[in-house]
Amino acid sequence: MSMAMAGLMAGLALGFAGYFGGFGAFVLVAALGAIGFVVGRFLDGDLEPGEFFRGRERGDRRR
């Protein structure tokens with residue numbers, strides 16, 4: 001599935017949740033989708049658990 005199709009499906013799910021369930025359902029669906037995305041990336045091997053908890057090095061300063 002392409003990223004465009006995945007984005008379309010996510011947008012449709014959020015739209016239905018917002019229309020039928022109100023703002024609370026919209027936020028719940030968006031939060032669960034974000035959590036599912038991070039877990040999926042972790043299971044695919046694209047993320048490592050230490051990336052979330054590791055501090056930045058002195059030379060790795062972002063502006």
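User: How many aromatic pairs are there?

Analyst: The model is a predicted one, and the count of aromatic pairs in it comes to three. One of them joins Y19 and F20 in an edge-to-face arrangement, with 4.9 Å centre to centre and 85 degrees between the planes.

User: Which residues do the ring pairs link into a cluster?

Analyst: The cluster consists of F16, Y19 and F20, linked by ring pairs.

User: Is F20 buried or exposed, and why?

Analyst: F20 counts as exposed because its relative accessibility is 63%, and the cut-off for exposed is over 50%. Y19 is exposed as well.

User: What nonpolar surface patch do they belong to?

Analyst: Y19 and F20 contribute to a nonpolar surface patch of about 820 Å², together with M5, L8, M9, L12 and F16.

User: Changing topic: where does F20 sit in the fold?

Analyst: F20 is located in helix 1, which covers residues 3-44.

User: What does helix 1 span between its end C-alpha atoms?

Analyst: The span is only 15 Å, whereas a straight helix of 42 residues would reach 62 Å at 1.5 Å a residue.

User: Where is the kink in helix 1 centred?

Analyst: The kink is centred on G21 and amounts to about 145 degrees.

Technical notes
Residues are numbered from 1 along each chain as its sequence is written. This is a predicted model: local features need pLDDT of at least 70, side-chain atom pairs count only at pLDDT 80 or more; totals for chains, interfaces and linings use all residues. Side-chain values use heavy atoms; hydrogens and water are left out. Rings of Phe, Tyr and Trp (its six-membered ring) pair if their centres lie within 6.5 Å; planes under 30 degrees apart count as stacked, over 60 as edge-to-face and the rest as tilted. Buried means under 20% relative accessible area, exposed over 50%, partly exposed in between (1.4 Å probe, protein chains only). Helices (H or I, at least four residues) and strands (E, at least two) are DSSP runs, numbered from the N terminus. The expected span of a helix is 1.5 Å times one less than its number of residues. The bend at a residue is the angle between axes fitted to the seven residues ending there and the seven starting there. Patches are made of residues with over 30% relative accessible area and no salt bridge: like charges are joined within 9 Å, nonpolar side chains (Val, Leu, Ile, Met, Phe, Trp, Tyr) within 5 Å. Accessible areas come from the Shrake-Rupley method with a 1.4 Å probe; for residues, only the protein chains shown count as cover. A salt bridge is a side-chain nitrogen of Lys or Arg within 4 Å of a carboxyl oxygen of Asp or Glu.
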